[in-house]
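Hi,

Here is the structure I promised to pass on. Have a look at it first, and then read my notes below.

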Amino acid sequence: MRHHALEITLTRPLTPAELHQATRTMPLAANHDATHLLTLVHAKTPDKALNRLRHQIDGRLPIDVITTHYPDPDGKILLNIALPPATHAALQATADEAGQPLPVFLQLAVHRALARHSREEANRLDQAVQHLLAHTTAPHLLAAIGRALTHAPGAAPC
């Protein structure tokens with residue numbers, strides 16, 4: 001059995017008392033504002049680790065989603081989301097209508113949404129660049145982008 005690094009995204013920041021209580025249950029590392037926690041879970045597979053963690057702490061913390069912290073060999077991050085019963089039933093009915101198991105249906109829906117978002121973002125950037133090019137030359141725009149990137153927070157100094 002291996003240890004799996006899991007990230008817990010919370011619906012709200014934990015109070016210091018809540019964080020202290022949670023760390024007494026299991027080792028947890030919190031980010032600066034206590035809205036994300038990281039832990040290691042001992043399990044055979046990442047999926048089993050997600051389920052084990054959900055069962056251990058569900059109801060004790062305001063959990064939004066639990067994810068694997070590192071991508072699997074296929075580059076995928078696994079999600080564990082607790083859906084309200086009515087939402088689960090509606091999704092199950094839609095998956096049944098599509099003739100797909102619920103996990104497959106959800107995976108395809110997420111992939112479609114991410115692809116759509118990527119296309120929309122690329123189109124938005126293309127339009128913004130075209131607008132900028134209408135008012136300047138390509139060399140000036142490229143120089144301005146270079147300056148912006150080198151002065152961006154976290155950018156390496158020149």
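Leu79 sits in strand β5. Keep in mind that this is a predicted model. Is Leu79 buried or exposed? Leu79 is exposed, because its relative accessible area is 52% and the cut-off for exposed is over 50%. Together with Ile77, Ile81 and Leu83, Leu79 makes up a nonpolar surface patch, with about 340 Å² of accessible area in total.

Strand β5 (residues 79–80) runs antiparallel to β4, and two bridges link the pair. Leu79 is the bridge partner of Thr67 there.

Now for β4 itself, which covers residues 63–68. Five of its six residues are buried, so the rest of the structure largely encloses this strand. β4 also pairs with strand β1 (residues 2–10), again in the antiparallel sense, over five bridges. In that pairing Leu10 is opposite Ile63.

Strand β1 has another antiparallel partner in β3, with eight bridges between them; His4 is bridged to Val41 of β3.

What are the two faces of strand β3 (residues 36–43)? Leu37, Thr39, Val41 and Ala43 form the covered face, while His36, Leu38, Leu40 and His42 form the uncovered one.

Last stop is strand β2 (residues 29–30), which is antiparallel to β3 over two bridges, with Ala29 opposite Leu38. β2 and β3 make a hairpin with five residues between them, and Ala34 in the turn has a positive phi of about 55 degrees.

Cheers

Key: Residues are numbered from 1 along each chain as its sequence is written. This is a predicted model: local features need pLDDT of at least 70, side-chain atom pairs count only at pLDDT 80 or more; totals for chains, interfaces and linings use all residues. Side-chain values use heavy atoms; hydrogens and water are left out. Buried means under 20% relative accessible area, exposed over 50%, partly exposed in between (1.4 Å probe, protein chains only). Helices (H or I, at least four residues) and strands (E, at least two) are DSSP runs, numbered from the N terminus. Two strands pair if DSSP finds at least two bridges between them. Patches are made of residues with over 30% relative accessible area and no salt bridge: like charges are joined within 9 Å, nonpolar side chains (Val, Leu, Ile, Met, Phe, Trp, Tyr) within 5 Å. Accessible areas come from the Shrake-Rupley method with a 1.4 Å probe; for residues, only the protein chains shown count as cover. A salt bridge is a side-chain nitrogen of Lys or Arg within 4 Å of a carboxyl oxygen of Asp or Glu.
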